[in-house]
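User: I am new to this structure and would like a friendly tour. Could we take a look together?

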Amino acid sequence: MLERLNQAMEYIERHLDEQIDVSVLARIAVTSEYHMRRIFSALAGMPLSEYIRRRRLTLAGAEVLAGERTLLDIAVRHGYGSGEAFARAFRAMHGVGPAEARRTGAALHSQPRMSFRLIVEGSSSMRYRIVQKDEFRVVGRKARVPLVHEGMNPEIVSFVRGIGRETLERMEALSDQEPRGIVAVSDNLADSRAEGTELDYYHGVVTGAEAPDDMAELTVPAGAWAVFEHSGPFPETLQYLWRDVFTQWFPSNPFRSRPGPEILRTRLSPDATEADAELWIPVERTTAGPATPR
């Protein structure tokens, strides 16, 4: 898969002065558009759209300093409909407007070209299994919260603390299938997975039962799930598990992510410093074939 991703990166470079269709990149990488965005974000640490924008503004910066084209010509060449829009984007990346950069020869920022390679380190392996599940419901309390990549998410912590013991016990009594017990469910995440973007967070159970009147309900279609197990320090082990799934497991296995919620079952040690985690990711088997860049 990494080779095909690198072919997609080459396509981006050859078409930076054109509108880039993510569906074309997905075809080159022989994957879905959904998985293309997800895997790029996990590997690169930034959304695909942000990388393309920064690469364009890197090339635009060199053209601004060269002084051979007008600023409006450069703006249009790199996909901006007006000089004002180009100036705002240019300043956001480089810290200076294009006219001032040309006049003063200011130092600009550069986004290097990306390529991906496999680095083998250590001898640890990931424990996983593939599970087929019929349609089910997630039933519990729901909140809209920002995405936090590292450390505790204060909005989730505050939300969960506000759920009473009696409500949690009623939730747990509804649990009738894997993963059993109280789970954390993330749904409607932004494709970019950028820090601060919002998601729907459910604190509840997986069940076939309908939701009580005071609880939210999410119906999840039938499909395949990759289930990963890991133990370690809390909360780092939870966040590193998600990262390792997308940067190590997906590039090495014939599966890709598909739209759907992500489910995390966590069991904490008595002092809450260690956790046993079980992460459920909706997946589908790939049908890999030769890449066809255009």
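**How two helices meet**

Analyst: Gladly! Helix α3 (residues 33–44) packs with helix α10 (residues 236–252), their axes 9 Å apart and at an angle of about 115°. Helices here are DSSP runs of H or I with at least four residues, strands are runs of E with at least two, and both are numbered from the N terminus. Axes are lines fitted to C-alpha atoms, for helices over the stretch in contact, with angles from 0 to 180 degrees between N-to-C directions. This is a predicted model, where local features need pLDDT of at least 70 and side-chain atom pairs count only at pLDDT 80 or more, while totals for chains, interfaces and linings use all residues. Residues are numbered from 1 along each chain as its sequence is written, and side-chain values use heavy atoms, leaving out hydrogens and water.

User: Which residues of α10 does α3 meet?

Analyst: Contact means heavy atoms within 4.5 Å. From α3 come H35, R38, I39, A42 and L43. Their partners in α10 are W242, F246, T247, F250 and P251.

User: Which residues are buried in helix α9?

Analyst: Buried means under 20% relative accessible area and exposed over 50%, with partly exposed in between (1.4 Å probe, protein chains only). In α9 (residues 165–174), the buried residues are T167, L168 and M171.

User: Which strands do the buried residues of α9 pack against?

Analyst: The face turned away from the buried side of α9 carries exposed R165 and A173. The buried residues themselves pack against β2 (136–146) and β4 (198–207).

User: How much of the protein is buried?

Analyst: The protein has ten helices and nine strands. Of its 294 residues, the buried share is 45%.
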